[in-house]
Amino acid sequence: MTKNSARSLHLLIALVVVVLDRWTKHIVAQRIPLYRHIQIIPGFFSLTHTENTGAAFSLFADSTGPWKTGLLIAFSVAALILISILLWKNNPAHVVTGVGLSLIMGGALGNLWDRVVSGRVIDFLLVYVKRYQWPVFNLADSAIVVGAGLLVLEILFHKSGAPEGSQPE
């Protein structure tokens with residue numbers, strides 16, 4: 001795969017994540033009233049329309065500081081710039097790295113879109129067991145977590161070849 005075809009694939013992956021994220025959030029906002037639940041798998045999974053004014057897992061959601069939204073937007077933009085640079089420089093042979101970064105980019109763009117437009121992010125996926133529950137999240141959050149997981153796997157299990165210039169013994 002050439003660098004340009006790899007870059008095109010990475011942008012396509014990010015675009016698909018953004019489109020799916022926007023579409024699912026639109027459906028939830030239109031069809032599920034705020035704070036209502038639709039049970040999908042009893043005792044495990046529900047669709048729940050919430051709006052998060054904070055960061056991941058509602059971090060800073062209770063803060064009333066005027067800086068919060070601007071800071072979260074600035075952090076997202078900085079992360080997107082860094083991810084763009086990493087994707088641009090990525091070796092096409094590192095497929096897992098490229099896909100991971102693309103998923104993170106798409107997820108970050110999806111949540112940034114919400115934050116810029118309304119100052120809050122629509123979350124709707126609720127996983128729980130009995131009274132224990134994971135914070136409500138969305139498709140963009142899922143893409144970010146899967147992308148980060150792929151990067152961790154790449155770091156842990158990537159077998160690099162012998163360093164350049166070294167001779168086998």
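The legends below describe close-up views of a predicted model. In this predicted model, local features need pLDDT of at least 70 and side-chain atom pairs count only at pLDDT 80 or more, while totals for chains, interfaces and linings use all residues. Residues are numbered from 1 along each chain as its sequence is written, and side-chain values use heavy atoms, with hydrogens and water left out.

**Figure 1. Overall layout of the chain.** The chain holds 4 helices and 4 strands, where helices (H or I, at least four residues) and strands (E, at least two) are DSSP runs numbered from the N terminus. Along the sequence they follow the pattern α-β-β-α-α-β-β-α. Of the 169 residues, 37% are buried; buried means under 20% relative accessible area, exposed over 50%, and partly exposed in between (1.4 Å probe, protein chains only). Among contacts with a separation of 6 or more, 65% join residues 24 or more positions apart, a contact being heavy atoms within 4.5 Å.

**Figure 2. The largest nonpolar core.** A nonpolar core is a set of buried Ala, Val, Leu, Ile, Met, Phe, Trp, Tyr and Cys residues joined through side-chain atoms within 4.5 Å. The largest one has 10 residues: Ala 14, Leu 80, Ile 83, Leu 87, Leu 101, Ile 104, Met 105, Ala 108, Leu 112 and Leu 151. Helix H2 (68-89) and helix H3 (95-118) are the elements that give two or more residues to this core. H3 gives the most, with 5 residues. Leaving out residues up to four places away in sequence, Ile 83 touches Leu 101, Ile 104 and Met 105. Apart from this core lies another, of 7 residues, among them Ile 32, Phe 45, Phe 124 and Phe 137.

**Figure 3. Gly 147 and its neighbours.** Gly 147 has its place in helix H4 (residues 139-157). Gly 147 counts as buried because its relative accessibility is 0%. Its contacts, not counting residues up to four places away in sequence, are with Gly 100, Leu 103 and Ile 104. Met 105 is 42 residues from Gly 147 along the chain, and the C-alpha atoms of the two are separated by 8.8 Å.

**Figure 4. Thr 97 in helix H3.** Thr 97 lies in helix H3 and, with a relative accessible area of 17%, is buried. Thr 97 touches Asn 90, Leu 151 and Glu 154, again without counting residues up to four places away in sequence.

Figure 5. Rolling a probe the size of a water molecule over the atoms shows where empty space is left. On a 1 Å grid over the protein atoms alone, a cavity is a set of points where a 1.4 Å probe fits but cannot get out, and lining residues have an atom within 4 Å of a point. Grid points are joined across faces, edges and corners, and a volume is the space filled by probe spheres set on the points. The structure holds 1 cavity of 30 Å³ or more, and the largest cavity has a volume of about 40 Å³. By class, the lining has 3 nonpolar, 2 polar and 2 charged residues; Ala, Val, Leu, Ile, Met, Phe, Trp, Tyr, Cys and Pro count as nonpolar, Asp, Glu, Lys and Arg as charged, and the others, Gly among them, as polar.

**Figure 6. Lys 89 in helix H2.** Lys 89 has its place in helix H2 and counts as exposed, at 64% relative accessibility. Lys 89 and Arg 7 are 82 residues apart in sequence, with 9.6 Å from C-alpha to C-alpha.

Figure 7. Strand S1 (residues 37-41) and strand S2 (residues 45-52) pair in the antiparallel sense over 4 bridges; two strands pair if DSSP finds at least two bridges between them. The bridge partner of His 37 in S2 is Thr 48. The two strands form a hairpin with 3 residues between them, and Gly 43 in the turn has a positive phi of about 80°.

**Figure 8. Two loop residues with positive phi.** Most residues other than glycine have a negative phi. Tyr 35, not a glycine, has a positive phi of about 70°. Tyr 35 lies in the loop between H1 and S1 and is exposed, with a relative accessible area of 55%. Lys 130, also not a glycine, has a positive phi of about 55°. Lys 130 lies in the loop between strand S3 (121-129) and strand S4 (132-133) and counts as exposed, at 76% relative accessibility.

Definitions and conventions. 1 Å grid on protein atoms, 1.4 Å probe; cavity = no way out; pocket = protein on both sides within 12 Å on 5 of 7 lines; lining within 4 Å.
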